[in-house]
Amino acid sequence: RASGGAMSVRLYILRHGQTSSNKERLVQGHRDTSLNEQGELQAALTARRLSASAPAFTHVFSSDLRRASATAEMVVRGLPAPHPDLALDARLREYCFGLREGLPKGTTPEEARALKAAQAGVPPHELEETAETAADVQARIASFTRSCLVPLAAAEPPVVLVVSHGGWIRTFLASVGELDEVPKVPNCGLISCDLAPSSSTYGMSVSRLEGPSDEHLGEHRSPPSKTSTPPLDAALKDCGGFGDVGGFAWRSCCPHHNAQDAEAAARRQRVNDKRILAVVLVPLLMGLLFSERGPLQLITLLVVSVVALGAFDSFY
């Protein structure tokens, strides 16, 4: 029980099993991808783990996207009878990444817009960006916790399983769990926590947290991301409401994209700087070439220009 005699909710949160897009490091978002063979095996192993050590589930909720709902269905089938009902809920979906969906992780919004526009044969400005912000997903989380989890806390002590996605889970932990640093959640990574009713935006607060862990998968764990997992931006935790982070883009808090986005931005900056240098040097060089100068002066000028460009390139 939570303080004051109110019931707490024992909550298990599970990320879906591996998909081919996970393996190929493609942005999924709201794309309705399916589990691959490895993902199905991960779901079966998770069911075995939960049936052996977790309390009997009273409620199971899942994102309605196939990779999550299929994971949830396999887990429920693997639990001891009687099986709890499975409720599909669109509020548990992953972030919508808009134009970047289906493209390699690290693709910037600008690159995605240009590529999708070229594929569609339309000007880039005509494409509508539908990507969600952190505030959008926080609103979905608050709606779910208040309408589904808070009422359960007033009844018999519930044991709930939620099957969702990496971005949704990390935002849940940062917002409801009030964590400063939120780790990456691997495929079929499992989290256990206790939730108690509170006066927060979400109506619940975390009183105990364990995980995420995928050790139960053994040799069938998905390989770790090649990029580091930086802390989730504190704006997610400290916003105090949805309006304060309305412009906070998911790209700045996603563990998979930060390092690659920074590298791509650095490359674009180097190219732009070289273009600026060329715009300055070429007219100057042409003007000097066509002025009245001797051969030795012209050769010296060319050598100095080549050396300057080479030094600039080496500096970067």
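A residue is called buried when its relative accessible area is under 20%, exposed when that area is over 50%, and partly exposed in between. Aspartate 194, at 12% relative accessibility, is therefore buried. The structure described here is a predicted model.

## Salt bridges

Side chains of opposite charge can pair when their charged atoms come close. In this model the count of salt bridges comes to eight. One of them joins arginine 10 to aspartate 194, with N and O 2.4 Å apart. Arginine 10 belongs to strand S1 (residues 9-15) and aspartate 194 to strand S5 (residues 190-197), so this pair ties together parts that are 184 residues apart in sequence. Arginine 10 has a relative accessibility of 29%, and so counts as partly exposed.

Aspartate 194 also forms a salt bridge with arginine 208, where the closest N and O atoms are 3.0 Å apart. Arginine 208 sits in strand S6 (residues 204-213) and aspartate 194 in strand S5, so the two parts tied together here are 14 residues apart in sequence. With 22% relative accessibility, arginine 208 is partly exposed. Salt bridges link Arg10, Asp194, Arg208 and Glu210 in a network.

Another salt bridge pairs aspartate 32 with arginine 66, the closest N and O atoms being 3.4 Å apart. Aspartate 32 is in the loop between helix H1 (20-24) and helix H2 (37-53), while arginine 66 is in helix H3 (residues 66-78), so the pair connects parts that are 34 residues apart in sequence. Both ends are partly exposed: the relative accessible area is 36% for aspartate 32 and 44% for arginine 66.

| Residue pair | N to O distance |
|---|---|
| Arginine 10 and aspartate 194 | 2.4 Å |
| Arginine 208 and aspartate 194 | 3.0 Å |
| Aspartate 32 and arginine 66 | 3.4 Å |

## The loop around serine 34

Serine 34 is placed in the loop between H1 and H2. Its relative accessibility of 37% makes serine 34 partly exposed. Leaving out residues up to four places away in sequence, serine 34 touches Thr19, Ser20 and Arg66. The C-alpha atoms of serine 34 and alanine 70 are 7.9 Å apart, although 36 residues separate the two along the chain.

## Strand pairing

Strand S2 (residues 59-62) pairs with strand S4 (residues 159-164) in the parallel sense, over four bridges. Within this pairing, serine 62 stands opposite valine 163 of S4. S2 also runs parallel to strand S3 (residues 86-88), to which three bridges join it. Here valine 60 has leucine 86 of S3 as its bridge partner. Together with H3, the strands S2 and S3 make a right-handed β-α-β unit.

## Buried helix and nonpolar cores

In helix H6 (residues 166-175), 10 of the 10 residues are buried. Among them are Trp168, Ile169, Phe172 and Leu173, and also Arg170 and Thr171.

In soluble globular proteins, nonpolar side chains tend to be buried together. The largest nonpolar core of this model has 32 residues, of which Leu11, Trp168, Phe172 and Leu195 touch the most other members. At least two residues of this core come from each of S1, helix H5 (134-153), S4, H6 and S5. H5 gives the largest share, with nine residues.

Which residues are in contact with leucine 195, leaving aside its neighbours within four places in sequence? They are Ser8, Val9, Leu11, Leu149, Phe172, Val176, Met204, Ser205 and Val206. A second, separate core has 19 residues, including Tyr12, Val60, Ala72 and Val75.

## Cysteines

A disulfide is a covalent bond between the sulfur atoms of two cysteines. The count of disulfides in this model is zero. Cysteine 96 has a relative accessibility of 10% and so counts as buried. Cysteine 148, at 16% relative accessibility, is buried as well.

How values were computed: Residues numbered from 1 in each chain as written. Predicted model: local features only at pLDDT ≥ 70, side-chain atom pairs only at ≥ 80, totals over all residues. Heavy atoms only, no water. Salt bridge = Lys/Arg side-chain N within 4 Å of Asp/Glu carboxyl O. Buried < 20%, exposed > 50% of the residue type's maximum accessible area, 1.4 Å probe, protein only. Pairing = 2+ DSSP bridges. Right-handed = clockwise from strand over helix to strand, strands pointing away. Core = buried A, V, L, I, M, F, W, Y, C linked by side-chain atoms within 4.5 Å. Contact = heavy atoms within 4.5 Å. Disulfide = S-S within 2.5 Å.
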